[in-house]
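Student: I have a model open on my screen. Can you show me how to read it, feature by feature?

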Amino acid sequence: MSETVNNPEPPIERYSVVAKVFHWVSALTIFGLFGLGLWMRELDYYDPWYQPAPDLHKSIGMLLVVWILARILWRWKQSTPTPLAHHKPWEVKLAHAVHWLLYLGLFLIFISGYLIATSEGRGVYIFDLFEFPALIPPFDQQEDIAGFIHEWGAYALMAAAALHIAGALKHHFVDKDATLKRML
Amino acid sequence: MKFNLKTITAASLLALSSQLWAAENYVIDTKGMHAFVEFKIQHLGYSWLKGRFNDFSGTFSYDDKNPEKSNVKVTIKTASVDSNHGERDKHLRSDDFLDVSKYPEAKFVSTKVVSTGKGTAKIHGNLTLHGVTKEVVIDAVEVGAGKDPWGGYRRGFTGTTKFAMADFGITKNLGPASTHVEMILNIEGIRQ
C-alpha cells in the first residue's frame, strides 16, 4: 500500500505511558462500574448502601465519560502503535472491530445511563459537588427505554471486553508474542 | 313487519326514560382529566410518599333514589405509575412491585354499595392488582353534582381505601411502616 511506502517514520512498537494509563484506568473503572451496577440493584431497601451505591455509580460513570472523551481526543492526535508484523490481516481486522464495539458500547451506556438519571428533568450529581444538568427534555417512558439499553448495553460491552481479553491472552499464551506485553 | 316512525319514536323514548329512571350513567372524565387516581405510602415511618396513575378509565352509574343500586368500574394501566422520580417509577414497574409487563392492568369493579348517610357510602368491590383479586371497601363521599357551563351534567366523588401490598402478592420489604398503601380516587363523571 502507498501508505507504507510513503511513510518515512519507523513503526511505533510500544504503547506510551499515557496510553497505558488511559487503558488500564478505563478498564478498572469499567469493570468496577459493571460490578457495582449489578450489586446495587440487589440491595435491600434498608441496606446502608441502598442510596450511596447508585450515587457512586452515577458519579464515577460521569467521570468516566470525561475520561473516555479525553482519551479519544488524545488518541486522535497521536499515532497508535502499528500491529505487530506477523499479525494476520483477520486478526488485525477483528481486533479493530472489537475496539470499535468497545467504544460504541461505552457510548450507548453513557447516553442511556445519563437518560435514566435525568428522566425527570433533574440533573445528575457528581459526588454531591457538582450537578450536571438534564440537557434533553424528558420523553415518554424514558427511564424504561434507557434502562433497557443501559442493561443490555452493559452485557454487550462485557462480551466485547471478553473478546478483547481473549485476543490478548491468545497472543500472549498461544502465539507467545509481545501484543499484551507492550500494553503492560 | 313494518314499523312507522311513531312506534319507533315511542319505543325509543320509552327505552330512554326507563333507563333514566333506573340510574344515571356516567363516564369518568379522563379526556378533560378531571379525575385522579393517587396513592400514598409511608416512607420509613417519617413521611408520606405520594404518587399517581396517569392512565386509567372508568364508568359509574348513580341512582339518586336508590344509591345502593349504584356501581362503579375503574381500569388502571399500571405502567402509568408516576411518583415524580424516574428511577423509582422504573423500580415500581419492575417485578419487585407492579410487574407491569406481566400485569398491565389493575381494576376495581364494585359488587355492593352500602349507603352510610347523605352523600356517603361504602363501596364494596373486587380489586385486581398484580394478578390477585381481593375484596376491598372504598369509603366514598359525594363532592357535588350539577350542570357544567358547557351543556353537560357532572357528578364527582372522593373515594379512599387501604390495603396491605402483601395481600396482592407484592412482598418487597419496605420496612414495618410501609406495608400498607392507601389509594385515593377523585373522580368526576360526565352523565351520558
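**Reading the model**

Tutor: Chain B has two helices and eleven strands. Helices (H or I, at least four residues) and strands (E, at least two) are DSSP runs, numbered from the N terminus. This is a predicted model: local features need pLDDT of at least 70, side-chain atom pairs count only at pLDDT 80 or more, and totals for chains, interfaces and linings use all residues. Residues are numbered from 1 along each chain as its sequence is written, while chains are lettered from A and ligands numbered from 1 in the order in which they are written.

Student: In what order do the elements of chain B run?

Tutor: From the N terminus, the order is α-β-β-β-β-β-β-α-β-β-β-β-β.

Student: What is the mean pLDDT of chain B?

Tutor: pLDDT is the predictor's confidence in each residue, from 0 to 100. The mean for chain B is 90, and 89% of its residues reach 70 or more. The model as a whole scores ipTM 0.74 and pTM 0.80.

Student: How do I read strand pairing? Which strand pairs with strand 2 of chain B?

Tutor: Two strands pair if DSSP finds at least two bridges between them. Strand 2 (residues 35-43) of chain B pairs with strand 3 (residues 47-53) of chain B, antiparallel, over seven bridges. One bridge joins E38(B) to R52(B) in strand 3. The hairpin of these two strands has three residues between them, and L44(B) there takes a positive phi near 60°. Strand 3 of chain B also pairs with strand 6 (residues 81-82) of chain B, antiparallel, over two bridges. There, F53(B) stands opposite V81(B).

Student: Where do the side chains of a strand point?

Tutor: In a regular strand they alternate between the two faces of the sheet.

Student: Which residues have the most contacts inside the largest nonpolar core?

Tutor: First, the terms. A residue is buried if 20 or more other C-beta atoms lie within 10 Å of its own, exposed if 12 or fewer, and partly exposed in between; C-beta atoms are placed from the backbone. A nonpolar core is a set of buried Ala, Val, Leu, Ile, Met, Phe, Trp, Tyr and Cys residues joined through C-beta atoms within 7 Å. The largest such core has 31 residues, and I76(B) and I123(B) have the most contacts inside it. Strands of chain B that each supply at least two of its residues include strand 5 (71-77) and strand 8 (120-129). In chain B, buried residues make up 22% of the 192 residues.

Student: What does I76(B) touch?

Tutor: Two residues are in contact if their C-beta atoms, placed from the backbone, lie within 7 Å. Leaving aside neighbours within four places in sequence, I76(B) contacts V37(B), F53(B), F56(B), E105(B), A106(B) and K107(B).

Student: Is H130(B) buried or exposed?

Tutor: H130(B) counts as buried because it has 20 C-beta neighbours inside 10 Å. This residue lies in the loop between strand 8 and strand 9 of chain B. Now take F127(A), in the loop between strand 1 and strand 2 of chain A. F127(A) has a positive phi of about 50° although it is not a glycine. F127(A) is exposed, with 12 other C-beta atoms within 10 Å.

Student: How do I check a helix by its span?

Tutor: The expected span is 1.5 Å times one less than the number of residues. Helix 3 (residues 52-77) of chain A has 26 residues and should span 38 Å; its end C-alpha atoms are 38 Å apart, which agrees. Helix 4 of chain A has 29 residues and should span 42 Å, in agreement with the 42 Å between its end C-alpha atoms.

Student: What do the buried residues of helix 4 of chain A pack against?

Tutor: They pack against helix 3, strand 1 and helix 5 (142-174) of chain A, together with helix 2 (86-93) of chain B. Among the buried residues are L106(A), I109(A) and Y114(A).

Student: How many residues does each chain bring to the contact between A and B?

Tutor: Chain B gives ten residues and chain A gives ten. The chain B side divides into one nonpolar, five polar and four charged. Here Ala, Val, Leu, Ile, Met, Phe, Trp, Tyr, Cys and Pro count as nonpolar, Asp, Glu, Lys and Arg as charged, and the others, Gly among them, as polar. E120(A) contacts N84(B), H85(B) and G86(B), among others.
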